[in-house]
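Please go through the model below with the text beside it.

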Amino acid sequence: MATPAMFDTIIDSEVHRFAAGSEVRVVRDVRNDGSFYGLEKGELLVEEGAVGMVRSFGWFLQEQIIYEVFFPHNGRQIGLRDVEVIDAALPWQPCRFRSLDMAQLALSLSIDGDLVAQKGARVQVQWPQRDLDSGSISYDILLDNNMQVTVPDRALLQPDSTAEDLRWRRKSNAI
């Protein structure tokens, strides 16, 4: 986590997205990497969707902007990377799938007019992507033919809850 000494660097104002006093929302669960005193490594610091206020910002290793964000609901001040926060005023859409989760297509997919996957097909989510400007979510998915494509959130459904689906569905909250 961030320490006050990390925020002593002068920053070009055109590089950072949020100024001190801005309200931001965390886009994924943040866990203790071992640097947050008094909590066990891996313990949840702040949940996805929580809103906090930027206190300051600075550089980490001269290449990543880190925002020092205060969360009034739990009284914690946490250093967050630029890719971990969005503007709190954006409509909030929670992430429904995590890496390696199984999903079902809500629509058929075609590329250049060629059908590559039927509606209802099972797919594996490779990685969720959040657009930091709009807050919308898309997913990189793996099709049965080992083709990887990116689809918007509306293209995926929770899989049918058959025994096989439950066996293969990853328990994302355990990570």
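A residue is called buried under 20% relative accessible area, exposed over 50% and partly exposed in between, using a 1.4 Å probe and protein chains only. Tyr-67 has a relative accessible area of 0% and is therefore buried. The model is predicted, so local features need pLDDT of at least 70 and side-chain atom pairs count only at pLDDT 80 or more, while totals for chains, interfaces and linings use all residues. Residues are numbered from 1 along each chain as its sequence is written, and side-chain values use heavy atoms, with hydrogens and water left out.

Rings of Phe, Tyr and Trp (for Trp, the six-membered ring) pair if their centres lie within 6.5 Å; planes under 30 degrees apart count as stacked, over 60 as edge-to-face and the rest as tilted. Under this rule there are three aromatic pairs. One of them joins Phe-18 and Tyr-67: the ring centres are 5.6 Å apart and the planes stand at 70°, so the pair is edge-to-face. Phe-18 lies in the segment before strand 1 (23-26) and Tyr-67 in strand 5 (residues 64-71), so the contact ties together parts that are 49 residues apart in sequence. Strands here, like helices, are DSSP runs numbered from the N terminus (helices H or I, at least four residues; strands E, at least two). Both Phe-18 and Tyr-67 are buried.

Tyr-67 also pairs with Phe-57. These ring centres are 6.2 Å apart and the planes are at 55°, so this pair is tilted. Phe-57 belongs to strand 4 (residues 51-60) and Tyr-67 to strand 5, ten residues apart, and the pair links distant parts of the chain. Phe-57 counts as buried because its relative accessibility is 18%. Phe-18, Phe-57 and Tyr-67 form one aromatic cluster.

A charge sits over a ring if NZ of Lys or CZ of Arg is within 6 Å of the ring centre and within 35 degrees of the ring normal. The charged end of Arg-55 is placed this way over the ring of Phe-70, 4.2 Å from its centre.

Next come the salt bridges. Side chains of opposite charge can pair when their charged atoms come close. A salt bridge is counted when a side-chain nitrogen of Lys or Arg is within 4 Å of a carboxyl oxygen of Asp or Glu, and the count comes to five. In one of these, Asp-82 meets Arg-17 with an N to O distance of 3.0 Å. Asp-82 is in the loop between strand 6 (76-81) and strand 7 (85-87), whereas Arg-17 is in the segment before strand 1, 65 residues apart. Arg-17 counts as partly exposed, at 29% relative accessibility.

What does Glu-48 form a salt bridge with, besides Arg-130? Glu-48 bonds in this way to Arg-98, the closest N and O atoms being 2.9 Å apart. Arg-98 is in the loop between strand 7 and strand 8 (102-105) and Glu-48 in the loop between strand 3 (44-46) and strand 4, 50 residues apart. Arg-98 is partly exposed, with a relative accessible area of 27%, while Glu-48 is buried at 18%. For Glu-48 and Arg-130, the closest N and O atoms are 3.8 Å apart. Arg-130 lies in strand 11 (residues 122-130), 82 residues from Glu-48, and is buried at 16% relative accessibility. Through shared partners, Glu-48, Arg-98 and Arg-130 join into one network.

The strands named above lead to the sheets. Strands of a sheet pair through backbone hydrogen bonds, either parallel or antiparallel. Here two strands pair if DSSP finds at least two bridges between them. Five strands make an open antiparallel sheet in the order 6-5-4-1-7. Strands 6 and 7 are at the edges, each with a single partner strand, so one side of each has no neighbour in the sheet.

Strand 4 and strand 5 run antiparallel and are joined by seven bridges; Trp-59 has Ile-65 in strand 5 as its bridge partner. Strand 5 and strand 6, also antiparallel, are joined by six bridges, and Ile-66 stands opposite Arg-81 in strand 6. Strands 5 and 6 form a hairpin with four residues between them, and Gly-75 in the turn has a positive phi of about 70°.

Another open sheet of five strands has the order 13-12-11-8-14, with antiparallel pairing.
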